[in-house]
Amino acid sequence: MTELTYLEAISDALRIALREDERVLLLGEDIGAFGGAFKVTAGMQEEFGADRVIDTPISEEAMIGGAVGAAIVGMRPVCEMQFADFVACGFDQLVNVAGKLHWRSGLAAPIVVRLPSGGGVSGGPYHSQNPEAWFMHAPGLKVFAPSSAQDAKGLLLEAIADPNPVVFLEHKYLYRRVRGEVPEGAYRTPQRANTVRDGDDLVVIAYGAMVHAAVAAAQQIEEASVRVLDLRTLVPLDERAILDAVRDCAKVVVVDEANYTCAPGAQVASLIAQYGYGDLDGPVVRVATPDAPIPFAPVLERAALPGIERIRDACRELLAY
Amino acid sequence: MPASGRGTVSHADGAAPGEHLLEIVMPQLGITIAEGTLVAWHKQPGEEVDADEAIGEISSDKVDSDIPAPAAGRIVELVVAVGATVDVGTVIATMAVAGEADVAPVAPAAGAGDRASDPATDRAGDPATDRAGDPTADRASDQAAAGHAAGRGAGASEHHSPVVARLAAELGVALESVTGTGRDGRVRREDVLAAAPRPATADTSALYVPPAAGQLSRMRRSIGEHMKRSLSTAATVTSWIEVDFSAVEARRRELGTTALPIVAAATVATLGEFGELNAWLDGEAHTLHTEVNLGVAVALGAEGLIVPVVRGAQALDVQALGAAIADLAARARSGELSPDDVRDGTFTITNPGQFGTFMATPVINQPQVAILDVEAIVRRPVAVTTDGVETIEVRPICILGLSWDHRALDGAYAAHFLAALRARLVGA
Amino acid sequence: MLTHRAIEERGLSLYKQGKVPGSFYDGRGQEATCVGAAFALGPDDPVCPLIRDLGAHLVKGTPPSAVLGHYLGRAGGVGRGRDGNVHMGDAQRGVVGMVSMLPDMMAVAVGMAWAFKLRGESRCTLSLFGDGATSVGDWHEAMNLAGLQRVPAIFVLEHNGYAYSTPSSRQFVVDPLQRAAVYGIRGVAVDGNDVEAVFEVTREARERALAGEGPTLIAAYTMRMHGHGAHDDASYVPPELFEHWAARDPIERQRERLRGLGVDVESIEAQVRAEVDAASREALAMAEPPPAGELEDVFCEGEPRTVGRGAAPWSRFSAT
């Protein structure tokens with residue numbers, strides 16, 4: 001085990017994949033010589049060559065479509081969108097070509113599209129988005145969103161090995177702010193949720209950066225035992241883990257950093273309302289960013305994104321219900 | 001942790017009248033960057049600088065940058081030392097600048113923050129009370145229509161959550177009789193559980209109402225966590241051996257001690273031959289130690305237990321070991337142990353036998369791979385062969401239990417260790 | 001070409017009988033372009049056809065009954081009922097089916113060619129599209145990337161004058177063939193209704209691609225003789241234009257050429273008709289796809305399948 005930051009864990013996974021599987025290619029803007037906007041791929045072009053760590057022009061459609069082409073003849077491309085927000089420029093290829101390919105034609109497209117997502121860094125409306133719900137909604141795409149360094153590495157290796165197109169959300173706020181013990185060498189994290197904090201009075205369900213806020217909020221609630229369930233994968237959604245947690249805790253708070261309407265938490269809440277109804281001792285409460293673009297000024301951004309206090313207060317209110 | 005370097009590095013006189021102090025902070029060079037390193041200072045306290053003049057250099061994971069002076073003025077203090085890494089936003093230097101300080105921006109009116117509150121409650125009002133708050137006509141008629149108890153009046157808050165209704169039915173709790181501790185007196189899950197009758201005993205006329213539940217102490221919970229973690233991490237197996245403690249008893253009377261130091265010394269010596277038991281296994285990392293830092297469990301009464309460590313026990317003779325153990329135990333009971341006293345143990349002995357129990361399955365003290373349990377010395381009739389003739393004699397028998405981690409070693413090794421330890425103790 | 005036209009005529013007839021659901025598209029008058037180009041490929045060269053390119057599917061070996069079954073939405077059709085009309089691609093025979101968003105498949109063709117180049121394989125890809133598709137951003141991205149990386153791809157622009165009802169004059173200012181140079185790509189013009197000329201030009205483009213000289217844009221000038229789909233009567237096309245191109249029908253031209261070489265054209269035509277008759281009987285007898293299976297295969301559970309080999313008639317190699 002070594003202690004790595006979330007970003008280093010992702011770099012580690014990419015290096016291992018490049019070393020151990022000659023079919024793996026990295027595609028992205030500024031990832032080669034420059035090492036990537038966040039330096040995730042620093043040094044990799046020197047190590048693996050410009051034929052495997054490829055700088056593309058600003059062409060998200062061609063990058064993703066090209067990745068699909070390379071994948072259907074046997075390669076394992078990993079695309080990087082410079083910011084998650086720019087996946088909108090490659091949306092068509094991802095949703096209409098990659099997503100529907102296997103269902104239509106039996107050809108699989110084992111591509112990974114890495115998205116540095118999320119806010120909290122004064123990135124403003126175009127560098128802070130959490131677009132995961134767009135892709136949960138498109139059949140044929142898997143969606144992974146790790147919250148810890150260990151899961152970031154394991155889930156990325158799992159995504160590369162998966163024969164389906166995977167949208168991989170790397171929360172950029174966590175890149176250098178989260179570190180953890182990470183096993184050395186190759187390993188894969190299963191496509192399931194994970195209980196990161198035990199408890200049985202209430203469960204907070206979250207993913208990505210919100211897992212950390214949820215844990216901090218739970219720690220402040222000394223008068224009750226609050227569980228935190230980290231979803232880790234949004235497609236496939238670990239419905240069993242969600243419903244088991246509801247059965248144990250009877251009270252649920254679902255947290256989204258994504259915009260409230262139709263965020264991933266909305267799907268979780270609907271699942272619980274329909275299939276966990278008999279286990280509930282209170283309404284399913286959601287804490288989410290309101291339906292507005294993410295603001296730039298820190299005071300505005302802090303007010304928009306769910307923070308520890310808002311999550312804690314929502315929990316306390318529900319506990320008292 | 002980043003190097004400290006937070007103390008004042010060098011300092012000149014502060015702001016004079018007619019001046020104010022400006023703070024220069026570690027900037028964020030890249031939106032994911034959380035810290036930066038001070039690479040160089042170009043100016044010293046007392047020096048005058050122009051606005052935008054570079055006063056130093058910093059470096060982050062992504063880029064190096066100079067530090068421009070925010071205004072014309074005089075360097076007062078260089079707070080952070082060259083080479084130090086500090087969090088973004090930390091004050092790294094101060095300077096004195098002419099004129100009054102700028103007025104801080106006005107904080108937004110309190111109402112502005114409200115707009116950004118939880119959109120769920122903004123939208124639906126409070127969904128909980130919206131639905132459950134009206135106990136009158138709607139609710140009563142719904143329940144009547146569904147065939148529920150018609151006797152319910154309209155005044156009570158009668159909507160029960162599904163889990164409350166189900167638990168009440170399962171546990172035989174009459175909901176009308178339960179006092180709700182939830183919002184507006186609502187019955188919660190905990191209330192039903194608290195009201196649940198215990199199973200009937202021979203005298204069924206009295207229902208037992210348990211007292212209010214409390215919580216275990218922090219120390220107890222911490223010990224519990226450690227024990228749980230140990231059992232779920234290690235592949236714990238316990239092996240036992242019976243030892244005739246006649247020789248040990250004789251020796252302890254000679255020395256005027258308890259049996260513990262004698263057993264401890266023999267254990268430490270035997271660990272010298274069975275080094276695999278003097279090890280740590282932490283995930284993949286397996287460490288075989290050259291010294292024996294012997295942990296000795298000390299009971300602290302109702303408070304729990306603690307395991308202070310005798311460092312370098314392999315170098316101590318029986319008496320020195322005994323003295324060390326006694327000292328640690330005394331300091332443990334009076335709460336005078338330092339954190340260093342409980343660190344780095346490589347093997348643990350626990351000795352709870354004073355009350356008469358003779359066997360146990362001790363829990364390994366993570367990340368060690370074994371723990372020795374010394375229980376009561378019980379006088380028992382045993383078969384003894386003297387000069388080829390087998391008779392029954394009464395001997396002091398102690399059962400030594402060794403819990404060991406099957407991830408690190410096998411049963412044969414553990415058994416071999418115990419046999420060697422017994423040989424030492426019997427020959428002591 | 002005959003099979004291409006015969007299948008489409010049969011399909012159109014079935015559509016008008018209400019047996020083909022949804023919409024129906026054909027490439028009448030353009031058969032020479034897709035057939036000539038596909039004929040120049042090797043068995044390991046995948047093709048990304050578009051709306052008017054049934055001939056390319058057939059050259060790679062897709063059975064006519066599977067095509068007709070696909071139009072009918074039957075279980076035995078290429079798309080197994082999951083997609084219809086021209087959205088088909090027999091992946092096992094090296095054909096990658098199109099999506100409606102044009103020209104997304106160009107990027108996929110570029111990606112495949114890129115992989116071949118990186119792996120040092122002697123393979124190329126063929127991507128066909130119309131003049132309208134050249135207006136889409138994806139066209140620029142694909143051309144730019146292909147030229148930059150010098151991938152072994154062949155782009156065939158079926159310049160047929162219309163994108164639905166929009167004539168080329170309202171689609172762009174300058175003929176897209178002129179844009180090729182801008183991407184560092186060689187541009188070649190050809191008579192899209194001369195199957196042997198299209199074949200020749202594609203064969204040369206393939207040689208260049210395999211020699212590492214990068215992609216070629218072949219502009220094949222032809223005419224879409226029917227509407228955009230069966231639901232479009234193309235009344236916006238001046239009748240003189242139809243007359244002009246009817247006199248240049250690609251099949252008729254090839255008939256003349258072959259007769260001049262002493263080939264028994266009539267018996268070929270009879271054979272094709274019989275084949276298509278048999279294929280449509282087979283297709284009409286195919287079962288409907290089971291509704292319960294609708295959710296299967298959204299995800300790949302096991303080993304991913306890759307694009308397979310097709311037929312390659314001109315090289316006298318046949319995969320089947």
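**Entry 1: a loop residue in chain A.** I began with Ser59(A), which I found in the loop between β3 (53–55) and α3 (60–72) of chain A; helices (H or I, at least four residues) and strands (E, at least two) are DSSP runs, numbered from the N terminus. I noted that the model is a predicted one, in which local features need pLDDT of at least 70 and side-chain atom pairs count only at pLDDT 80 or more, while totals for chains, interfaces and linings use all residues. Residues are numbered from 1 along each chain as its sequence is written, and chains are lettered from A and ligands numbered from 1 in the order in which they are written.

Is Ser59(A) buried or exposed? Ser59(A) is buried, because 22 other C-beta atoms lie within 10 Å; the cut-offs are 20 or more such atoms within 10 Å for buried, 12 or fewer for exposed, and partly exposed in between, with C-beta atoms placed from the backbone. Leaving out residues up to four places away in sequence, Ser59(A) touches Glu141(C), Asn144(C) and Leu145(C), where contact is taken as C-beta atoms, placed from the backbone, within 7 Å. I also looked up Gly28(A), which is 31 residues from Ser59(A) along the chain, with 9.3 Å between the C-alpha atoms.

**Entry 2: a loop residue in chain B.** Asp61(B) sits in the loop between β5 (54–59) and β6 (64–68) of chain B, and I recorded it as partly exposed, since 19 other C-beta atoms lie within 10 Å. Apart from neighbours within four places in sequence, Asp61(B) is in contact with Lys39(A), Arg176(A) and Ile33(B).

**Entry 3: where chains A and B touch.** I then turned to the contact itself, to which chain A gives 31 residues and chain B gives 25 residues. On the side of chain A that touches chain B, β14 (285–289), α10 (298–304) and α11 (308–319) each supply at least two residues, and the largest share, four residues, comes from β14(A). That side divides into 18 nonpolar, four polar and nine charged residues.

**Entry 4: the sheet of chain C.** Chain C has ten helices and seven strands, and 51% of its 320 residues count as buried. Five of the strands form an open sheet with parallel pairing, in the order β1-β2-β3-β7-β6, two strands being paired if DSSP finds at least two bridges between them. Why do β1 (47–48) and β6 (186–191) of chain C each have one side without a neighbour in the sheet? They stand at the edges, each with a single partner strand, so one side is left without a neighbour.

Within the sheet, β3 (residues 153–159) and β7 (residues 216–221) of chain C pair in the parallel sense over six bridges, and Phe155(C) stands opposite Leu217(C) in β7(C).

**Entry 5: the nonpolar cores.** The largest nonpolar core has 211 residues, and among the members that touch the most others are Val68(A), Val253(A), Val110(C) and Ile218(C); such a core is a set of buried Ala, Val, Leu, Ile, Met, Phe, Trp, Tyr and Cys residues joined through C-beta atoms within 7 Å. The element giving the most to this core is α5(C), with eleven residues. A second, separate core of 46 residues includes Val248(B), Ala266(B), Ala324(B) and Leu372(B).

Methods
Two residues are in contact if their C-beta atoms, placed from the backbone, lie within 7 Å. Ala, Val, Leu, Ile, Met, Phe, Trp, Tyr, Cys and Pro count as nonpolar, Asp, Glu, Lys and Arg as charged, and the others, Gly among them, as polar.
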